[in-house]
Amino acid sequence: MALQLWETFKDSITAYTGLSPATFFTVVALAITLYYFVSNLFGSSEDSHVHQRSRDFEEEVEPLPPPVQLGEITAEELKQYDGSDPKKPLLMAIKGQIYDVSQSRMFYGPGGPYALFAGKDASRALAKMSFEEKDLNGDLTGLGVFELDALQDWEYKFMSKYAKVGTVTATVPVTEAAAADESQTTDGAETSAAKPADNDAAKPAEDGPLENGVKEAPPAETTAAGDADKKE
């Protein structure tokens, strides 16, 4: 059966190409050899160009400097690190903790999808996945359980990927209750300071006339001695 198929195949080669089977296979082998030779020739040249471009790109991109520890800074100072100055690191904060996200400049730098978060404590915006200006702050008041869980996931991601370089100074607003307590304390201090002055004013001067102009009566013993002297 195999011999019959081989004879049929050879007859087909002769019928369709006009070449003997030996000549046909020789031509096919030469064609394959030529294909590999040309492919290797141009492929090597292209690979060398690719490697050269890769090396040029690596030379153009400067390595990132090591993270600089800033310590405690204000929210206003944090705005200076929003990526507008390429010489400064790219920073953002979560729950008051500042992270250096310079290695992800394509995401958090100018023109990136999360550029609005750079230079800010974006805790509320990340929890709500909001890009509104009113949510670009660290206020967590009124957030639900799912939003806080989402924020926790973001925080874990930042802690594992980026270096922490500082904290944002916490600003405690003065509430109405605190203002009332401060007012009461101030009033109490003023009242206490005023009492000694009133007591001093009400106390009569020693050996002097009273406020109503009536002199104090002398002691009884002194009066009796005076009367005895007069009689003698």
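Q: How are the residues numbered, and which atoms count?
A: Numbering starts from 1 along each chain as its sequence is written, and side-chain values use heavy atoms, without hydrogens and water. As the model is predicted, local features need pLDDT of at least 70 and side-chain atom pairs 80 or more, while totals for chains, interfaces and linings use all residues.

Q: How many aromatic pairs are there?
A: Rings of Phe, Tyr and Trp (its six-membered ring) pair if their centres lie within 6.5 Å; planes under 30 degrees apart count as stacked, over 60 as edge-to-face and the rest as tilted. The whole structure holds nine aromatic pairs. Tyr114 and Phe117 are stacked, because their ring centres are 5.8 Å apart and their planes at 20 degrees.

Q: Which residues do ring pairs link into a cluster?
A: The cluster consists of Tyr99, Tyr108, Tyr114, Phe117, Phe131, Trp154, Phe158 and Tyr162.

Q: Is Phe117 buried or exposed?
A: Buried means under 20% relative accessible area, exposed over 50%, partly exposed in between (1.4 Å probe, protein chains only). Phe117 is buried at 1%, and Tyr114 is partly exposed at 23%.

Q: Which residue lies over the face of Tyr81?
A: A charge sits over a ring if NZ of Lys or CZ of Arg is within 6 Å of the ring centre and within 35 degrees of the ring normal. Lys88 lies over Tyr81, 5.6 Å from the ring centre.

Q: What is the phi of Lys95?
A: Most residues other than glycine have a negative phi. Lys95, not a glycine, has a positive phi of about 55 degrees. Lys95 is partly exposed, with a relative accessible area of 33%.
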